[in-house]
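Have the model open while you read.

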Amino acid sequence: MASQIHANQILDCKGLACPMPIVKTKKAIQVLEAGHVLEVQATDKGSTADIQSWAKNTGHQYLGTVQEGDVLKHYLRKAGPHEAKEEARYPHTITAGELMNKLEKGERMTILDVREPAEYAFHRIPEAKSIPLGELEDRAGELDPAEEIYVVCRTGNRSDLACRQLAGKGYRNVKNVLAGMAGWTGPTESDE
Amino acid sequence: MTTKNKRVAIIASNGGLETAYKVLNIATAAAALDAEVAIFFTFEGLSIIHKDSEQMLQLKPGNEGMAEGFKRANVPSVKELIELAKETGVRMIGCQMTIDVMGLEKEHFIDGIELGGAATFLDYAFDAEVTLNF
């Protein structure tokens, strides 16, 4: 992988056999802040499948796995208590399908991805610009107010917050992409 | 996050180190997956929660070679897995009837278990999507 994936916390499960990697993962994620990314380092070859099943059953988000030698690095993002349920409140939205049509027509636009860098690294819309929601306050100046800006996250919640933040800064041409990467069926790229 | 309640009901009716691992690995993994877990220990399965489990739980004849493998794979001990199960809220129920038949008392067993009959377990198991028998 070209770039380092940023994790908020690293959990060492190297040398541990099943079921210890998921048992320790559960413990670690309990004390992690919602939205933060956990890197689980394991040598158990079964852990790639297990971590994914674990995430599916606990509602947390599995981002992907990177192998370095014998060590598997699994990336997980802790879900918030109301995630994927909260109503989006920013009024100007566009569906992922409509955005894809615009992209195919070659319209000039900025796609702003406000997810964490680890999420962006594994799976993103080609050409999307990455500014994690937490950095948007400081980095909004990198965006051109004259250009159409389409804001995307995983499910449309963080991007809703981002749209409202940008609107507050005077950006007029901002639309929230629903339902985020979860609704995106077009081409994607990763750091690989 | 988790919306539905998952429930796993396990019957441990055999002895031996192999059984202890099958039961405790599934139980602790299920707890990690946010499931509610209860294990009903009966007949030889009671040796898993006996205070002398270390002496009582041996590998089956022909499986002795696995001892090396357990060490190599850094598999936790049965005692460690039991502690983990307790910590993560796994209910452990010892079968009162078998304990009586074997002439044992609650003091022979580790702390943190409950004693109960078939109905205690079944009352729990009726609502379980996953039932396993080892």
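What follows covers two helices in chain A and one in chain B of a predicted model.

## Helix α2 of chain A

Let's start with α2(A), which runs over residues 47–58. Its 12 residues reach 16 Å from the first C-alpha to the last, close to the 16 Å expected at 1.5 Å a residue. Buried here are A:Ser47, A:Ile51, A:Trp54, A:Ala55 and A:Thr58. These cover an arc of only 95° around the axis, which puts them on the same side of α2(A).

What sits over that buried set? Just past the end of α2(A), A:Gly59 takes a positive phi of about 85°.

## How α1 and α2 of chain A cross

The axes of α1(A) and α2(A) come within 10 Å, crossing at roughly 40°. That angle makes α1(A) oblique to α2(A), and the crossing is right-handed.

As for who touches whom, α1(A) brings A:Ile22, A:Thr25, A:Lys26 and A:Ile29. They meet A:Asp50, A:Ile51 and A:Trp54 in α2(A). Of these, A:Ile51 and A:Trp54 also turn up among the buried residues of α2(A).

## Helix α6 of chain B

Over in chain B, α6(B) spans residues 118–125, with B:Phe121, B:Tyr124 and B:Ala125 buried. Looking down the axis, the buried residues fall within an arc of 95°, so they line one face of the helix. Their cover includes β1 (6–12), β2 (35–41) and β3 (91–95) of chain B.

Methods
Residues numbered from 1 in each chain as written. Chains lettered and ligands numbered in written order. Predicted model: local features only at pLDDT ≥ 70, side-chain atom pairs only at ≥ 80, totals over all residues. Heavy atoms only, no water. Buried < 20%, exposed > 50% of the residue type's maximum accessible area, 1.4 Å probe, protein only. Helix = DSSP H or I, 4+ residues; strand = E, 2+ residues; numbered from the N terminus. Arc of directions from axis to C-beta. Contact = heavy atoms within 4.5 Å. Expected span 1.5 Å × (residues − 1). Axes fitted to C-alpha atoms, helices over the stretch in contact; angles between N-to-C directions. Parallel < 35°, antiparallel > 145°, perpendicular 65-115°, else oblique. Left-handed = near helix turned anticlockwise from the far one by under 90°.
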